[in-house]
Amino acid sequence: MSTATTSTHEPAAAPETSANGGLVIQDLTVTYGVAQALFDVSLEVKGGTILAVLGVNGAGKSTLGRALSGLVPVTSGRIHFDGADITGLAPHRVSRAGLRYIPEGRGIFPGLSVADNLRQAVLQLGKANRKSAIDETFEVFPVLAQRRNQRAGSMSGGEQQMLAMSLSLVAGPRLIVADEMSLGLAPKMVSVVFASLERARSAGITIILIEQFIHRALAFADDCAIFSRGRVTWTGPAGTAGKEVLDSYLGEATDH
Ligand code: ATP
């Protein structure tokens with residue numbers, strides 16, 4: 001099954017900004033059947049920087065994440081990542097290219113132990129590197145080491161998100177799209193999620209942070225894009241997204 005109507009186009013030359021784990025999205029349009037979810041979205045994320053993607057429910061944030069990772073077809077437009085045109089690639093090829101999507105509340109095998117989740121994730125690495133990748137994960141996330149024999153689905157929400165993050169990091173991605181990782185978590189667990197995002201940041205990984213905790217996201221990110229009804233309505237440095245901007249583009253959602 002073809003995943004994108006634009007996949008038959010000749011790859012376009014990659015814009016320079018997309019080098020070194022950067023992302024350049026040009027005029028991206030996505031439709032579900034007859035319903036259009038994204039309208040001519042254009043965005044740039046420099047390698048190693050963090051973009052917060054904000055917007056009320058239904059604004060198109062998850063659709064952006066799904067389109068970037070090849071999970072929904074792109075109707076038109078182009079996506080350049082890490083110096084290559086990835087428009088229309090199947091999800092496993094996007095992942096192999098180094099772009100990992102952590103979907104809302106998923107991405108782990110809840111019935112498997114923590115250690116077995118990691119063993120699955122490292123299968124994509126060469127045999128010689130698998131054990132050290134798991135050992136390193138346990139060093140970076142000691143809570144996961146303590147829970148190595150526990151069924152992943154029986155951990156707290158924050159710990160499950162920590163595991164989801166570690167499974168993404170194990171393959172050495174250049175860019176992570178984190179989709180509402182703190183959704184439904186207690187404040188203490190939200191801090192756990194941000195600590196694991198901090199790990200990714202310090203490893204130089206580009207991050208697209210789709211978040212409902214607007215102020216935490218803005219404090220963490222370099223830049224911000226606000227979505228409204230499938231369109232980018234505001235972009236700028238995260239520090240300049242003041243109360244006026246948030247009130248006028250997000251309205252009641254600024255309570256967080
Ligand atoms: P939320 O914060 O609620 O997850 P969002 O900003 O991530 O919202 P999307 O989930 O991307 O928004 O949804 C964008 C639009 O596309 C909405 O109008 C939604 O109803 C629609 N939509 C999303 N998924 C589908 C689908 N599988 N089929 C049809 N329409 C969809």
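Guide: A polar contact is a pair of N or O atoms within 3.5 Å. The model is predicted, with residues numbered from 1 along each chain, and local features need pLDDT of at least 70, side-chain atom pairs 80 or more, while totals for chains, interfaces and linings use all residues. Side-chain values use heavy atoms, without hydrogens and water.

Visitor: How far does a backbone N or O atom of Ala59 lie from an oxygen atom of the ligand?

Guide: For Gly58, a backbone N or O atom is 2.7 Å from a ligand oxygen. Lys61 instead brings a polar side-chain atom to 2.8 Å from an oxygen of the ligand. For the backbone N or O atom of Ala59, the distance to a ligand oxygen is 3.0 Å.

Visitor: Which helix gives the most residues to the shell around the ligand?

Guide: The ligand is surrounded by 13 residues (a heavy atom within 4 Å). Gly58, Gly60, Lys61, Ser62 and Thr63 are the closest of these. Four residues of the shell come from residues 61-68, the most from any helix (a DSSP H or I run of at least four residues), namely helix α1.

Visitor: What share of the ligand's exposed area does the protein bury?

Guide: Areas follow the Shrake-Rupley method with a 1.4 Å probe. Alone, the ligand exposes 630 Å². Of that area, the protein buries 59%.

Terms used:
Polar contact = N/O pair within 3.5 Å; in protein donor to acceptor, adjacent residues only side chain to side chain. Helix = DSSP H or I, 4+ residues; strand = E, 2+ residues; numbered from the N terminus.
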